Amino acid sequence: MPRFQFTIHATDGKARRGTIAMQRGEIRTPAFMPVGTAATVKAVKPQDVRASGADILLGNTYHLMLRPTAERVARLGGLHKFMGWDRPILTDSGGYQVMSLSELTKRSEEGVAFASHLDGSRHMMSPERSMEIQRLLGSDIVMAFDELVPTTSTRDVQAKAMERSMRWAKRSRAGFDSGEEHAARAALFGIQQGALDEGLRQASADALKDIGFDGYAVGGLAVGEGQEAMFGVLDYAPGQLDETKPRYLMGVGKPDDIVGAVERGIDMFDCVLPTRSGRTGQAFTREGPINIRNAKFAEDQGPLDPACACPVCGTWSRAYIHHLVRAGEILGAMLMTEHNLWFYQSLMADLRAAIEEQRLTAFANDFRAKYQTTKG
Ligand SMILES: [Zn+2]
């Protein structure tokens, strides 16, 4: 297998059907990456995550650097061996969580000084430190370290954050390349910033292209701006990035967000929604999400989703899972999460097939007609 090779097999409108080949395996795109925050996709064993159709997982740099620490994971043979997942892993840069979860943060050109949300211990995160942590974890796709500001900030604040992010992207590139052994088998993605401003997004895309990355993320979205504003940016942002490289929309999203983003040319996604929802009683179905805690499911003998081929839907009823979740049984969270992961992976498989067969618009319209976000 090559270090990193992206092949586009088919296109339909702006949408692309591709494959990323890496040493640890192939990633079919458009791809959805389940989130394994603390070296686990919560409530599901790695082999069951794989059985749902996932080719790649996401690990969180911020959480792992604090506990159990990247140094310990490295001493134990790296993240793949530690958690029992031998396929590709993408790690985020830690920037988003440092700036949203930690306390007493102090930003400077050097990086971000912060206090751990776990024990208050002081840490410094910088492009160089982020690259080092992701290398210690043994990540396959490493994300550049960038600065985030709210989409509601003034244009001046957004411009300065984007420009700093581009200087940090250059330092991330140098830091990544200095780990020669790791750089010989892993990939580095740059992150486009610029909030909701087309000009800033173009400047960011140009700066990233000059540095050169294996793939590009559209960053700074899915932070509360709403689907309409997000799609507004996605109408132009993917087209500003190198079309021969994969495009990754970080932190997205709801099933209807994913369908709309694929139509706009996005190739990769990650989101906690299927796993987090699974633990709070929300199950995804082709007709929209349902709250399994609802009393109307107490004696419903049908599966979570009649159109689902997952092992959960093949065995257990809504009534049983309603009982488990209401009783606070651990198996309830396990079954709900496994089903939700299958739902997401099956949606991605359907999208890939629709692109291959040049019927994405019809598929997307049919999906939107059936998928009721207010059902419950
Ligand atoms: Zn199912």
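This is a predicted model: local features need pLDDT of at least 70, side-chain atom pairs count only at pLDDT 80 or more; totals for chains, interfaces and linings use all residues.
## The zinc site

The angles among the four donor atoms of the zinc ion are 100 to 120°, so the site counts as tetrahedral.

The protein donors are the SG atoms of C308, C310 and C313 and the ND1 atom of H339. These donors lie 2.1 to 2.3 Å from the zinc ion. Along the sequence, the donor residues follow the spacing C-x1-C-x2-C-x25-H.

## The record and the donor residues

An unreviewed UniProt entry carries the annotation "binding site" for C308, C310, C313 and H339. These residues are spread over 32 residues of sequence, yet they cluster in space, with a largest C-alpha distance of 8.2 Å. The residues named in the UniProt annotation are also the protein donors of the zinc ion in the model.

C308 sits in the loop between β16 (290-291) and α14 (318-326), and C310 is in the loop between β16 and α14 as well. Apart from neighbours within four places in sequence, C308 contacts R286, C313 and H339. With such neighbours again left out, C310 contacts H339 and W342.

Are the cysteines C308, C310 and C313 buried or exposed? A residue counts as buried when its relative accessible area is under 20%. C308 has a relative accessible area of 12%, so it is buried. C313, at 11%, is buried too, and so is C310, at 2%.

## Cis peptide bonds

Most peptide bonds are trans. Where does the model have cis peptide bonds? P30 is placed in the loop between β3 (25-29) and β4 (31-36).

Another cis peptide bond joins V252 and G253, and its omega is about 5°. G253 belongs to the loop between β13 (247-249) and α12 (255-263).

## Positive phi angles

Most residues other than glycine have a negative phi. A43 is not a glycine, yet its phi is positive, near 75°. A43 lies in the loop between β4 and α1 (46-51). With a relative accessible area of 35%, A43 is partly exposed.

A195 also has a positive phi without being a glycine, with a value of about 50°. The loop that holds A195 runs between β11 (187-192) and α9 (198-211). A195 has a relative accessibility of 9%, and therefore counts as buried.

## The largest pocket

How much space lies in the largest pocket? The volume is about 1,100 Å³. The pocket is lined by 48 residues, and those closest to its centre are Y96, Q97, G251, D270 and V272.

Several elements give two or more residues to the lining of the largest pocket. The helices among them are α2 (61-66), α5 (95-100), α10 (227-234) and α13 (273-280). The strand β14 (268-271) also gives two or more residues to this lining.

Notes: Residues are numbered from 1 along each chain as its sequence is written. Side-chain values use heavy atoms; hydrogens and water are left out. Donors are N, O and S atoms within 2.8 Å of the metal (3.2 Å for Na, K and Ca); water is not among the atoms, so sites may look incomplete. Four donors count as tetrahedral if all angles lie between 85 and 135 degrees; four count as square planar and six as octahedral if opposite donors are over 155 degrees apart and all others between 65 and 115; anything else is irregular. Buried means under 20% relative accessible area, exposed over 50%, partly exposed in between (1.4 Å probe, protein chains only). Helices (H or I, at least four residues) and strands (E, at least two) are DSSP runs, numbered from the N terminus. UniProt positions are given in the numbering used here, feature names are shortened, and annotations may be inferred rather than shown by experiment. Contact means heavy atoms within 4.5 Å. On a 1 Å grid over the protein atoms alone, a cavity is a set of points where a 1.4 Å probe fits but cannot get out, and a pocket is an open set with protein on both sides within 12 Å along at least five of seven lines; lining residues have an atom within 4 Å of a point. Grid points are joined across faces, edges and corners, and a volume is the space filled by probe spheres set on the points.
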